[in-house]
Amino acid sequence: MLAVTLAMGAGPALATENIVFVSGAFRRTIYTRDLESFVRTGVPSGLLADVLRFGNQNPASVRSLLTTELPVPVSLTSRLLNTRIGEALLTRATAVVHPLRAPRAGVPALRSALVLGVAEGGGRLSPLGVLRAYPAEEMAVDLPQLLGLLKKASSISDLVRFFSEAPLDGLRGS
């Protein structure tokens, strides 16, 4: 009966209201409503404004990132996320992002948010769509894990750039 009620839209909608950045005992919160207001108006507020200013980030670039939409079919998204590869990707992602009060529920929470985000976005995936569909009031972002991931991504892009810009002909031999 609960499934029927939720499917008909009569149940309570759960969405992320707070994004909590965590590093040990340190916690800072950016409110989802501040992100939505920023996307609507272009004017950051609260902690978001401070982070953009102290991080020397271009608000227009961040706003553009938040409004990015990727067209993906709902059925393909669901099928992919329910494969072994999808499960592995979700597991890695939930080392960085997970429900604050239930970290072990990260994989099903993220899978749900991605599939529902695409469905509710009319076949388009967006950062705010995922936040609106994330089934936890507070989403934790593990800062050490995030920074490690960014460092790896930077290292990989540096390696790719090195090999794409390097004269490989000299390395091949005659």
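How many of the five residues of strand 6 are buried? Four of them are, so to speak, tucked away, and strand 6 is mostly covered. Here, buried means under 20% relative accessible area, exposed means over 50%, and partly exposed lies in between (1.4 Å probe, protein chains only). The model is a predicted one, in which local features need pLDDT of at least 70 and side-chain atom pairs count only at pLDDT 80 or more, while totals for chains, interfaces and linings use all residues. Residues are numbered from 1 along each chain as its sequence is written, and side-chain values use heavy atoms, with hydrogens and water left out.

The protein chain holds 10 helices and six strands. These are DSSP runs numbered from the N terminus (helices: H or I, at least four residues; strands: E, at least two). Of the 174 residues in the protein chain, 30% are buried. The accessible surface amounts to about 11500 Å², and carbon and sulfur atoms own 61% of that surface; such areas come from the Shrake-Rupley method with a 1.4 Å probe, and for residues only the protein chains shown count as cover. Among contacts (heavy atoms within 4.5 Å) with a separation of 6 or more, 61% link residues 24 or more positions apart.

Four strands build an open sheet in the order 2-1-6-4, with mixed pairing; two strands pair if DSSP finds at least two bridges between them. Strand 2 and strand 4 (97-99) stand at the edges with a single partner strand each, so one side of each has no neighbour in the sheet. On average, neighbouring strands of this sheet are turned by 30° against each other, direction ignored; the axes are lines fitted to C-alpha atoms, for helices over the stretch in contact, and angles run from 0 to 180 degrees between N-to-C directions. Strand 6 runs parallel to strand 1 (residues 18-23), joined by five bridges, and pairs with strand 4 in the antiparallel sense over three bridges. Met139 in strand 6 stands opposite Ile19 and also opposite Pro99.

What about the nonpolar core? The term describes a set of buried Ala, Val, Leu, Ile, Met, Phe, Trp, Tyr and Cys residues joined through side-chain atoms within 4.5 Å. The largest one has 27 residues, of which Leu35 and Tyr134 touch the most other members. At least two residues each come from helix 2 (32-41), helix 3 (46-54), helix 4 (59-66), helix 7 (106-120), helix 8 (127-133) and strand 6 (138-142). Helix 7 gives the most, with six residues. Leaving aside residues up to four places away in sequence, Leu35 touches Ile19, Ile30, Leu48, Leu66, Leu128 and Leu131. In soluble globular proteins, nonpolar side chains tend to be buried together.

Helix 3 has Leu47, Leu48, Ala49 and Leu52 as buried residues, and the buried residues of this helix pack against strand 2 (26-31), helix 2 and helix 4. Just after helix 3, Asn56 adopts a positive phi of about 55°. Leu89, found in helix 6 (residues 84-93), is exposed, with a relative accessible area of 51%. Leu89 lies 18 residues from Val107 in sequence and 9.3 Å from Val107 in space, C-alpha to C-alpha.
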